[in-house]
Amino acid sequence: MATQYRRSNPLALALLSLLWEREMHPYEMATTLRERHKDESVKLNWGTLYTVVESLAKHGLIEAVEAERDGRRPERTRYRLAATGLTELNDWLRELISVPHKEYPRFEAGVSLLGILPPEEAEQLLTQRADTLAEHADGLRAVMAMLREQGLPALAWIELEYRVTMIEAEQRWVRGVAESIRENTIEGADWWRDWHARGARPGQLPPFGPTTDVQSEVD
């Protein structure tokens, strides 16, 4: 009896979508994802792929059709999408598209602790990140141009367009923060620099901003 599938791995969704098109064996699934540059939006490696295939089969979302052999190569089991898999594919997609979900990117975690680094180093690292983001965006634009030249419509690589848009937005923000640190205009700049100049910790210095005796004002 199939149990409810835990929607935690985007690779599983990608595999369901491939089997929605036609029957495939795992090796063909991997090569198809790479040919379509879906590995830009889905983390892909051989070990994980076979594990996900087994999990989808265990939950009754895909079914083994037959094993095929090519020369002396090991047999490859072909799979097809089960009726329950089609329902899961559609429901999962509807949820992903319509319901915002809080994610926890590594960069956001790093930014939340930016003040631990000296301002000069933070500015340099942010500038380095912005430059890397620009290179990544240029690479994705080249892929998009290649896919367009091959006659594929934008719908076939819409996730790349989304990724470039997100990268450009992050790049603008990162460069803006780096510039504000460099020009000493970021709010709390003097406090930040004083904190590091003293070799102190935030709790060992007066709080940011002017201190006020609230009780005296009330009196």
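**The largest pocket and its surroundings**

Modeller: The lining of the largest pocket is made up of 44 residues, and those nearest its centre are P10, S41, L96, E103 and Y162. A pocket here is an open set of points on a 1 Å grid over the protein atoms alone, where a 1.4 Å probe fits and protein lies on both sides within 12 Å along at least five of seven lines, while lining residues have an atom within 4 Å of a point. The model is a predicted one, in which local features need pLDDT of at least 70 and side-chain atom pairs count only at pLDDT 80 or more, whereas totals for chains, interfaces and linings use all residues. Residues are numbered from 1 along each chain as its sequence is written, and side-chain values rest on heavy atoms, with hydrogens and water left out.

The space in the largest pocket comes to about 2,400 Å³, a volume being the space filled by probe spheres set on grid points that are joined across faces, edges and corners. Two or more lining residues come from each of α1 (10-21), α4 (83-98), α5 (106-111), α6 (119-149) and α7 (158-182), and α7 gives the largest share, eight residues. These elements are DSSP runs numbered from the N terminus, with helices (H or I) of at least four residues and strands (E) of at least two. By residue class, the lining has 24 nonpolar, five polar and 15 charged members, where Ala, Val, Leu, Ile, Met, Phe, Trp, Tyr, Cys and Pro count as nonpolar, Asp, Glu, Lys and Arg as charged, and the others, Gly among them, as polar.

The second largest pocket has a volume of about 170 Å³. F107, G110, V111, L114, L117, A122, L125, L126 and R129 line the second largest pocket, to which α5 and α6 each supply at least two residues, with α6 giving the most, four residues. The lining of the second largest pocket divides into seven nonpolar residues, one polar and one charged.

A nonpolar core is a set of buried Ala, Val, Leu, Ile, Met, Phe, Trp, Tyr and Cys residues joined through side-chain atoms within 4.5 Å; buried means under 20% relative accessible area, exposed over 50%, and partly exposed in between, with a 1.4 Å probe and protein chains only. In soluble globular proteins, nonpolar side chains tend to be buried together. The core counts 25 residues, and L11, L15, L16, M29, L56 and I62 touch the most other members, while α1 provides the largest share of this core, eight residues. Leaving aside neighbours within four places in sequence, L16 is in contact (heavy atoms within 4.5 Å) with L56, L61, I62, L81, G85, E88, L89 and W92.

W92, one of those partners of L16, also takes part in one of the five aromatic pairs of the structure. Rings of Phe, Tyr and Trp (its six-membered ring) pair if their centres lie within 6.5 Å, and planes under 30 degrees apart count as stacked, over 60 as edge-to-face and the rest as tilted. Y5 and W92 make a tilted pair, at 6.1 Å from centre to centre and 50° between the planes, and this pair links parts 87 residues apart, with Y5 in the segment before α1 and W92 in helix α4. Y5 is buried at a relative accessible area of 11%, and W92 is buried at 4%.

The rings of Y27 and W46 are stacked, because their centres are 5.4 Å apart and their planes lie at 5°. Since Y27 lies in helix α2 and W46 in helix α3, the pair ties together parts 19 residues apart in sequence. Y27 is partly exposed at 37% relative accessibility, and W46 is partly exposed at 34%. Ring pairs join Y27 and W46 with Y50 in a cluster.
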